[in-house]
Protein chains: 2
Amino acid sequence: MAKARYHHGDLRAALLDAAEGLVRERGADGWSLREASARVGVSPSAAYHHFASRDTLVRALSERILSRLGDLLADACEQAGELSGAGAGPRVPVGETADPLRRLIALGRGYLHWAVEDPAVARLVFGAGATGPDSRVSPHPHDVLTAELDRLADLGALPAASRPGAEFVVWAPIHGLAVLLIDGLIRVDDARAFDLQAERVIRATLNGLCQEPAPSEGWPAVHTTHTDRRRSHLGQEGEQVGPGAGDLLRQAE
Amino acid sequence: MAKARYHHGDLRAALLDAAEGLVRERGADGWSLREASARVGVSPSAAYHHFASRDTLVRALSERILSRLGDLLADACEQAGELSGAGAGPRVPVGETADPLRRLIALGRGYLHWAVEDPAVARLVFGAGATGPDSRVSPHPHDVLTAELDRLADLGALPAASRPGAEFVVWAPIHGLAVLLIDGLIRVDDARAFDLQAERVIRATLNGLCQEPAPSEGWPAVHTTHTDRRRSHLGQEGEQVGPGAGDLLRQAE
DNA sequence: ACTCCAATCTGAACAGTGTTGAGATGGCTT
DNA sequence: AAGCCATCTCAACACTGTTCAGATTGGAGT
């Protein structure tokens with residue numbers, strides 16, 4: 001190991017590592033910037049040459065983790081096999097009817113396992129606020145979801161009329177489940193029950209989605225912070241007060 | 001108004017009021033105990049005769065708000081009318097087929113409106129952790145949901161086999177939607193689109209739920225912190241580290 | 001009416017926080 | 001070799017949650 005030198009090799013990364021370790025050990029908020037700096041062996045103010053504030057550090061850490069989650073989810077989908085009809089990929093065991101929801105369920109399961117495996121980290125990410133569209137999150141989890149829904153729609157397993165805003169309908173239950181689980185509001189007895197109930201939620205949602213009657217003018221638009229560029233500098237300043245009371249709702253009333 | 005007397009009439013309630021105001025003005029975490037005390041015109045240490053810690057104050061405030069939410073949701077259900085077949089209540093406009101999901105949709109809409117109307121308050125409640133079963137939350141939102149699902153099951157609109165754990169399946173999407181909305185991860189353009197998409201999620205979930213094939217041994221048990229007494233002292237101490245990594249999952253593997 | 005108690009509030013203090021600015025240090029280019 | 005400039009240190013600021021010895025009081029008991 002390099003003896004304590006004045007110039008640390010890559011302090012930025014080291015601080016992120018230390019912070020991540022502290023989050024894992026003491027919870028999403030149970031650590032301080034000073035503590036992370038001390039763990040790296042550096043004075044607190046050194047951190048400010050790499051992050052504008054503690055909040056910036058948290059957001060950077062959150063993006064690093066989100067990026068890993070994106071990879072994880074993409075892998076989960078891939079391991080679930082190709083959807084029938086889609087070109088030349090690793091064929092799925094034929095014989096039983098291939099389930100078109102297979103991949104999406106794998107995605108949801110992956111999301112939930114990830115959250116439950118390390119609740120503190122998940123809490124950090126969920127609490128860090130929206131990931132700006134300008135951020136460099138390699139495969140953003142949201143993109144993975146979008147791609148899978150597109151596949152389903154191409155395949156015809158998801159009616160074209162129901163495709164718009166479907167991320168919305170699918171993401172909500174999965175994310176909700178994750179939040180309820182890591183906050184301890186819901187518990188299941190064992191791993192099998194966990195998988196069973198998780199799949200139940202996803203399947204119920206998707207079945208319902210496939211059979212819904214679309215309104216005559218189609219579904220209204222839904223924007224996600226990640227894809228929509230108009231509001232890219234949301235939550236820049238310290239405490240994320242969020243949209244003022246009613247802003248979310250009363251825009252066009 | 002009483003001039004500044006040494007003994008404040010009801011400091012506990014006054015502190016809760018001040019804190020709630022601060023949350024509304026500056027966000028769920030953008031305030032301090034000292035600030036709330038100063039606003040009431042009292043020294044910081046005075047608060048410690050009514051709350052063991054800042055966290056206790058937050059939890060108490062959260063419970064007060066949860067209780068109001070319970071009332072609100074119960075009202076929303078009531079205003080949606082009686083379900084056909086259920087005794088003598090205010091009859092619903094007959095003529096069109098009465099929608100058995102009416103009340104549940106009203107509940108979900110109420111939940112979402114509440115969250116979006118005052119995101120900071122919702123964030124506080126969601127972040128305060130589970131409400132212990134011993135807490136005196138008059139009609140706990142969770143109880144309202146349970147009651148509505150029981151009604152649906154009694155009516156036959158929800159298959160008996162799907163009733164166990166249905167809170168789980170219904171709560172997740174609604175809560176997830178609320179969280180995504182208040183965190184700004186999802187936005188809709190206007191109030192009509194909001195209602196439409198919210199109803200879409202709930203309806204999709206419930207339709208899917210009504211048509212699911214139950215596993216041969218039935219659905220495994222699901223516990224919620226509110227109804228399950230075994231773990232009532234969860235999250236008592238300061239930072240809610242949550243269950244250790246994997247605890248939620250690996251219990252019975 | 002008076003005493004006295006126990007609840008309530010104050011004041012000062014402690015350790016710890018995020019953040020800032022002036023200066024030391026040393027790897028890099030020239 | 002000289003010097004630049006990113007990097008890091010040190011000391012300080014205002015602020016936080018929390019504690020504890022002591023002042024203040026409303027109300028119960030005599």
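By class, the surface near DNA strand D holds eight nonpolar, nine polar and four charged residues. Classes first: Ala, Val, Leu, Ile, Met, Phe, Trp, Tyr, Cys and Pro are nonpolar, Asp, Glu, Lys and Arg charged, and the others, Gly among them, polar. "Near" means a C-beta atom, placed from the backbone, within 6 Å of the molecule or strand.

This is a predicted model: local features need pLDDT of at least 70, side-chain atom pairs count only at pLDDT 80 or more, and totals for chains, interfaces and linings use all residues. Residues are numbered from 1 along each chain as its sequence is written, with chains lettered from A and ligands numbered from 1 in the order in which they are written.

21 residues surround DNA strand D, the closest being A:His8, A:Ser43, A:Ser45, B:Ser32 and B:Ser45. Helix H2 of chain B (residues 33-40) gives the most, three residues. Helices are DSSP runs of H or I, at least four residues, numbered from the N terminus.

H2(A) supplies the largest share, three residues. The classes: eight nonpolar, nine polar, five charged.

Last, a helix pair in chain B. H4 (residues 102-117) and H6 (residues 141-155) pack at about 160°, axes 10 Å apart. Axes are lines fitted to C-alpha atoms over the stretch in contact, with angles from 0 to 180 degrees between N-to-C directions. H4(B) and H6(B) are therefore roughly antiparallel, a label for angles over 145 degrees.

Methods:
Helices (H or I, at least four residues) and strands (E, at least two) are DSSP runs, numbered from the N terminus. Angles under 35 degrees count as roughly parallel, over 145 as roughly antiparallel, 65 to 115 as roughly perpendicular and the rest as oblique.
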